[in-house]
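Visitor: Could you walk me through this one slowly?
Guide: Gladly, please have a look at the picture first.
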Amino acid sequence: MTSILDTPPARSASELGSYETTHPPTAYREPGRLALWGGRVALAGGGAGIAWYQPGPLLPLATLLLGVCLAWVGGWHGRNLRLIALALAVYVSAVDYLSWRLSVLSWSGWWIGLPLFLAELHAAVHTVGLHVTIWPRRPEPARLDQLPCRQPIFVFVPTVDEGTEIVGETLAGILAARDRYLAEHPHATITVVVCNDGGVAGAACSEAVVALCERLGVVCVTRTTGGGAKAGNIEHARQLLGAIGDALLVVFDADQIPREEFFLRTLAPLADARVGWVQSGQFYGNRENPVARWADDQQSLFYRLLCPGKALHDSAFICGTNVVLRAAALDEIGGLPTDSVTEDFAASIRLAPRWRSVYLPEVLAVGLGPVDLDSYLKQQERWARGTLSVLRGHWRDLLLPRRGGLRAQQRLQYGLAVTHYLSGVRDLVFLLAPVLYLLTGATGVRGATLGAFLAHFAPYYLLATVAFAHAAWRTTSWRSIVVGFGSFPALLRAAWMTLTGNRGRFTITPKRRTAGSAWRTARWHLLSLAACGLALVLAVTLHRQPAYYLAAFWLAYLCVLIVAHLSLVRQDVRAAARPAAALPAVRVVRGEGPSSRGRTPRLPSRARRLLPGGLLAGVLAVVAAATLVPTAGGSGAPAWLPPTAVPGHPRVGIGLVTDRQATTVSGMLGVGLGLRGRTDEIDAQFDSGWAGSVSAAGGVPWLTLVLSRHGQPDLDSSLTAVANGVDDVALRRWARGIAEYGKPVYLTVLPEADRNYAASSAVARGGIPQDVRPAWSRIQRIFHDAGARNVGWVWGPADPAHDQPYTPPAPAVDAVAVTLFEYPGTAWADPAAALAGAAAAHPGKPLLIDVSVAGPPEQRAAWLDGLGAAVATRRDVAGVVYQETGPELDPTSQLARRWSLSADPLTTEAAGRLLRTIAGGS
Amino acid sequence: MTVTIPAQAHRSGPAGGLRSALARPWTGPGWAPVRTRIPLFGLLMLQAALSLRLGNSAFQDESLYLYAGHREIAQLLHHTPTFDNYSAYFSGAPFLYPVLGALADQLGGLAAARAVSLLFMLATTGLLHALTRRLFGRQAALLAAAVFAVTGPTLFLGHLATYDAMALFLLALASWTAVRTASLPALSAALVAPPLVLAAFTKYAALLYLPTVIALAVLAAVPDRGRRHGLLRGTIVVAAAAGCGYGLLGLAGRAFVAGVRSTTTARQAGTDPTGLLVRFSVEYGGAVFLPAIVGTVLLARHRTRTGAHGGGRPGRLALGLLLTGTALLAPAYQIHLHTLTSLHKHVGYGLFFAAPMAGYALSRLLGSRLRDPRRLGLALAACLAVAGLGIQQSADLFRQWPDASGLVQVLRAQVRPTTGRYLAEESEVPRYYLRDLVQPYQWSGTYFFEYTDQQGRHYSGAPAYRAAIADRYFDLIVLRYGPTAALDRQIDGDLTAGRGYQLIATVPAESGYGTGTWFVWRAVAE
């Protein structure tokens, strides 16, 4: 995973340009102070510049691609080149996102906004920190100052209650490794010491451990007075046996079995007198256990990815086991610290300023992972308490300048380590913020738009995800993320205990399953899932805004994480129900054996090979279906015939009324309504509910579509605008709506175009009569293209008897509307003459009569009777609609009331007579 | 399931080779050229992304050339008159780029026409890389491509549907051919001529760079083949170019020689101050020009590889001066003319020639030092600063004209095919967008107009406009008080007084020069 910086190879002649140098490539040199500080200033200055300008997605993209170029020019290739480019892009995108987030932080909602920002800051710092850690670096060349085999070597195995079976295996491994080392270094002395705290802890196995040591010929130091936990136990033995000065100390936990080459590999780096300790990784050999397997994936991220990087920053940890320490180094700091539950980490920070550290990434010892969730969470809590207590106790070492103190890169690395376990608090904030927002509307963000959020967050999130996936490729799995998130209750408890100064007690990770059910550990997860689920339902059902969708997206992500963790709980419960399995004879660690060890693949290999293609085909099928279904619906044959034919009896109807009013009027007049009129503006939607209710009552809707907006005509209402396609989008929407409705609809467009008051006028606002035809044709073409064959096209001029200059082509008109609105105090038209005139001007076209009258009751009744008589004499009337509120725009006004059929009894009676006569045909 | 393939099988036999190829498909020898160019592909992606992010409605020149292209195609296919003599005032041959741009425009609209320019500019970057690699090696090539790809003029030209991208590409092709054929027989230098002459015809301003390309053909051959061979190559290029030019002139006719004179060689002098021209030249090209100067110095002081002729110090100095000095040609000529027009585009031509020297300088200065993360970070910060400048400049350049989509929307709602008459300031833009509705003869602009009233009186210039407006000759009038503000103020008396016309829309016209408004008047029926 790490790479060595060296002199780039000389290029071949074919790679050289005709004018290029033949000088050998410059050998790598350590950067001087100028480059060092120049780099830091560039990093900080660049960050400040990005924070100031907040450039959005372009800069991360430019960084990524220019980073590739420059790193390539610098001689980097392959994985290292990708690591460098991605790290730079992640840094730039993180600064960009965080600075933008700060700029939209709502200080009025600081109580939620500030914690959320700090949580995001923590996540971003650790994301960038990961890439700083694994940035390819050059290791310090080692020196040969002394021979470790000439120094006394003590191997300490602290134990409390692990039992002889586990300790015995460990001792057997140590002895085998010692034999191997002594075979190559016969003059070396290696003393194996079991530091037995079983007596102090009252463990039943204590005497048996003593007996085991006697049998194997190793030293056993049994304490009679406790204190200092594991560190105290080792220190006691160390002082007792005089493992100080030039001695080398090897520490193994009781369950860590070294491999034969352990001493050969780990003692060699101590030839360099500057090296204070050599750490090797911890790997779990019981991956057949589900909890151990998931925990091992999390461990792998640390031991296989981070630790090698930290070692190159001279910031490796002492991890408490599988480690070789120089006694002289420990002597300098007064021995292993006994005031911390993670004594190893505390010792690392004290030793790091003066001693170099080495990390060996290969598998040199194999141990046991936590066997159940309870043990895993206890282990996480203990580590969290330990590192957070180090933060509390050593923050001065990390933050304040001190001569001979930690170097900048060490401060950064240890700083990242001691703040890592604040992730529990962070995850709680990530959980609470969207839930609170969706339940209460409380937000810590102001002035952020969806576009801005995506411009800043999407590059950061995508780059961070891709960079992590790339870095962790074949090192760990998604399980490490899930199990890390799932441990948030334990980490919260640890943070709380650290905050309140409660030190708790040192607990060894149990090596045997505990009695309680795993579901007991999942109560916080279940509660969180319920809260997230509730908020998610609210987001989907109630809130319909982008901000809520974003919160819902995040909640869905959290739900996935929690459910994934609960699947581990379920696996653990199942494992507990099975009889306890014996430990495997040979412990196999991640990557050394079949990956499916302990599990059977759910799908046969052939099916697994076909899975990606199948998924892709499935997605394509869904997309194709989503595309084709509406099209198929629109292009199919109409279920109903278009309403162009003249019915046996003219339909009668009411316009400008609600469903309820229509029912009332229908009952009052004693006639069924076969036609319902309605006028809509272009920006409205086709009301399929209304049309459906008309159709359900046996009627046909008659829709008049006006191209005005908010009652006013604008430039887009003009006939030229329609003809030139300006209104195509809105018209298409109407066409699709009517096509989907599928049943007959009368449609009037461009109503009264022959008048100057019409929205789409052919005599005003630049319109001329010749404009009607192209506009009408364009509308029809749009409806035709949308498959709206169920439309009966009704041409509705103000004066259908004299509209020849304006009228559309005759084949393009299915019916002609005759509008007879008679105002009080004016001369009223003769219905018979009006109908005859319209019929003469539009021979062969059915007539749809649109009427409304206001005036004295006697005059209204007489006129309606006259209309009835006129209709009765004709065979070309397809329907009569009475507009209940006349031409009034406000149907609730007093003026509208005077047009109503129910305004006076005479009119009501005459209207009933008229409509019944027309509908009955007599 | 694990399949173990014996090691021997990897080394011998077709089956082993096949398995090996299948196991690691990117490691075969055939992929080596692709692998080594992955950083270049990344750079081209960046250039494409930065160019594509620019957004605005068509620029006046784009509208003019694309519209002309459509008319030329219509004339070619249907013998429809163009109603204009484009060759008289175009700064490039109307039958080359305008036709190509219009074909793309027919396929995918303005975006497709601009995509063609982007392809030309990406190809130019690729050719720059190839050219520099042959002269100074891979590192210098990549760095040269990097500094060229992210400069403001490059990004701008990559999203502008005008002659420039195509002309620059052809110049790049000619330059690359000049270098590529340096080690081939002398006659191969004749291949330089076709793209070179075509570049000059595509945009007449490319004539300025003909001597540079010819000199490059000479100097590229000097290190390996000597000066005499270089001079021979130069002669061949000149002869071939003269032949090609003569042939093309014969084919196209001499009508547009007048266009060359009026737009390029005898262009009317402006009044822009020298200081301003120098300032803009430095802003657009300084980030490449300054390292190019350093590159020239380093190249002159550089020792050649063992056994190679290397052109000697004079040759190297000549190459450095040639490439770096070419960047000064366009600014110098425009300073001579005192005109800012198209300076940002012409600087981009020069940057192509200076970029190899800049890449060489950066390669020498950085080189293997980039293995140190701090130096890498420092170099990246510098590159990002240049890229940031380029991003900003290209965005500013693309905001130099107002977005006309609102105006076009208003006009689309009003125009009437065939019969309407429309007067518009910068009429090229609405004319281009509304070409599906309005014929060319329906448009009048504010640069030139003649009118004969009903009494037979003939007018031209401002009186013509005033008389036509008084007669309600135009159905629609669009004024912005922009490029022809003086004339607009002379003719808008009746309009602002509401005599015969009604103001139907005011459309915001914001640009880099500030806020403005399009006023749209419609004739009122008598």
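Predicted model: local features only at pLDDT ≥ 70, side-chain atom pairs only at ≥ 80, totals over all residues.

Visitor: Where is Thr159(A) placed?
Guide: Thr159(A) belongs to strand 1 of chain A, residues 153–159; helices (H or I, at least four residues) and strands (E, at least two) are DSSP runs, numbered from the N terminus.

Visitor: And is Thr159(A) buried or exposed?
Guide: Thr159(A) has a relative accessible area of 1% and is buried, a word for under 20% relative accessible area, with exposed meaning over 50% and partly exposed in between (1.4 Å probe, protein chains only).

Visitor: Which residues is Thr159(A) in contact with, beyond its neighbours within four places in sequence?
Guide: Among them are Val167(A), Asp197(A), Asn233(A) and Ala254(A), where contact means heavy atoms within 4.5 Å.

Visitor: New topic: at what angle do helix 3 and helix 16 of chain A pack?
Guide: Helix 3 (residues 78–103) and helix 16 (residues 450–471) of chain A pack at about 150°, and their axes are 8 Å apart; axes are lines fitted to C-alpha atoms, for helices over the stretch in contact, and angles run from 0 to 180 degrees between N-to-C directions. Helix 3 of chain A is therefore roughly antiparallel to helix 16 of chain A, a label for angles over 145 degrees.

Visitor: Which residues make that contact?
Guide: Helix 3 of chain A contributes residues including Leu86(A), Tyr97(A) and Trp100(A), and helix 16 of chain A contributes residues including Phe453(A), Tyr460(A) and Leu463(A).

Visitor: How about chain B, how many helices and strands?
Guide: Chain B has 23 helices and 7 strands, and of its 526 residues, 56% are buried.

Visitor: Where does Gly245(B) sit in that?
Guide: Gly245(B) lies in helix 12 of chain B, residues 227–252, and is buried, with a relative accessible area of 14%. Leaving aside its neighbours within four places in sequence, Gly245(B) is in contact with Val197(B) and Phe201(B).

Visitor: How far apart are Gly245(B) and Ala193(B)?
Guide: Gly245(B) and Ala193(B) are 52 residues apart in sequence, and 8.9 Å apart in space from C-alpha to C-alpha.

Note on methods
Residues numbered from 1 in each chain as written. Chains lettered and ligands numbered in written order. Heavy atoms only, no water. Parallel < 35°, antiparallel > 145°, perpendicular 65-115°, else oblique.
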